[in-house]
Amino acid sequence: MKPKGNLTYLFSIVAIAVLGGFLFGYDTAVISGAERGLEAFFLSATDFQYKDFQHGLTCSSALWGCIIGSLLSGWMAGKWGRKRSLIFAGACFFLSALGSYRPEFLFSGYGKPTLPLLIVFNLYRVLGGIGVGMASAICPMYIAEMSPSNMRGRLVSWNQFAIIFGQLVVYAVNMFILGDHVAPIMDQVSLGISKVLNPEESVWMTEVGWRYMFVSEAIPAGLFTILVCFIPETPRYLTMSGQEDKALNVLTRINGESQAQVILADIKSTTVQKREKLFAYGKLVVFVGIMLSVFQQIIGINAVLYYGPRIFGEIGATKPFAYTLLMGVINILFTLLAIFTVEKWGRKPLLISGSIGMAIGAFLVAFTFGNDAAKLCTLIGIMLYSASFMMSWGPICWVLISEIFPNTIRSQAVAIAVAFQ
């Protein structure tokens, strides 16, 4: 064994674990490219009216799965272990991608939009959301429990980088799939009902384009599920389940022999109290974790992530998918800024500065949207809003949630905090 540990081994484990974050980003952002084709497809249904309300529910149906997945994550991480829970999450991603591609499988005729088909499609999206909810809670937990304390903040932040990178990749994939085809243009006519303008120009996207976007996730989902089978369980869970020899072996490979013994002793000292109640350390720490999650979502970032191409199109951009891709590149750069400054600048200063940037960007959009003479200001506002989130609330929320809870309540507290998102 190496006395100083093996960083290559640590980084390879983290690289596989953050694929869960990549899938998180991919699954949540794939709808941005597919939602117009999906809306046009169900608008042609004859057994029900597909209104904007139904479309909003369909675009956000994965979030219902996120609630289920995040609530299950604490129980599964404790009973099944972190590794097997991640395998289950990967399987949810994979099956959701296939089912969203062809929801008619086993029960309906291909290409016939009906209300039962819409329900089945949403159930597949909920299944993917369960994977998102579990990955969002367990991936940072896994990385935090594997990482040396002096590297934990940076390595956990890589999970957020993977989320944003997944969004960037799916923006590019969606643009590639769309190619020379035309995305449907919607027009609201009355009572929250839309119609497709020039449907003959967008028939390909309406019939199959959105399907290819959803099924593209099956490739990274399958890869993640297979690779997780080859990573070790975390030392904490191994110790909690009475496998101290395996825990010591993993710690030694990562931290070196002398440090491994110290860390194992520290883990053992806390696992004795592993069944402590959620509020054993007071209600404030749980409340803070919950509110971090609430604020990360209530500031509205999903409006940009889910409807980016549509927003840029309404601004007047001739190539809305290209602007969405540009936003993804900017998001990556600002996420990297957070990763490389989180240990130096601290968690709180990044949250404060990012919040100010988001507020400025949001005000710019609010006061200039719809003004043709101020299109550039609107575009800058959206980019500033998104970039400020990526350098602050995006990654720092996950770092804090993985750090603030004592070890003896971490799994259940993280699950509850993430569910509130």
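**Exercise 1. Charges over rings**

Task: Determine which ring the charged end of Arg211 sits over, and how far it lies from the centre.

Solution. The charged end of Arg211 sits over the ring of Phe41, 5.4 Å from its centre. The criterion is that NZ of Lys or CZ of Arg is within 6 Å of the ring centre and within 35 degrees of the ring normal. A further case is Arg253, which lies over the face of Tyr9 at 3.8 Å from the ring centre.

Before continuing, note that this is a predicted model, in which local features need pLDDT of at least 70, side-chain atom pairs count only at pLDDT 80 or more, and totals for chains, interfaces and linings use all residues. Residues are numbered from 1 along each chain as its sequence is written, and side-chain values use heavy atoms, with hydrogens and water left out.

**Exercise 2. The salt bridge of Arg211**

Task: State which residue meets Arg211 in a salt bridge, and explain which parts the pair ties together.

Solution. Step 1: a salt bridge requires a side-chain nitrogen of Lys or Arg within 4 Å of a carboxyl oxygen of Asp or Glu. Step 2: the side chain of Arg211 meets that of Glu104, at 2.6 Å from N to O. Step 3: Glu104 lies in the loop between helix 5 and helix 6, whereas Arg211 lies in helix 8, so the pair ties together parts that are 107 residues apart in sequence. Helices here are DSSP runs (H or I, at least four residues), numbered from the N terminus.

**Exercise 3. An aromatic pair**

Task: Classify the pair formed by Phe22 and Tyr26.

Solution. Step 1: rings of Phe, Tyr and Trp (its six-membered ring) pair if their centres lie within 6.5 Å; planes under 30 degrees apart count as stacked, over 60 as edge-to-face and the rest as tilted. Step 2: the count comes to 18 aromatic pairs. Phe22 and Tyr26 form a tilted one, 5.9 Å centre to centre with 45° between the planes.

Note on methods. Helix = DSSP H or I, 4+ residues; strand = E, 2+ residues; numbered from the N terminus.
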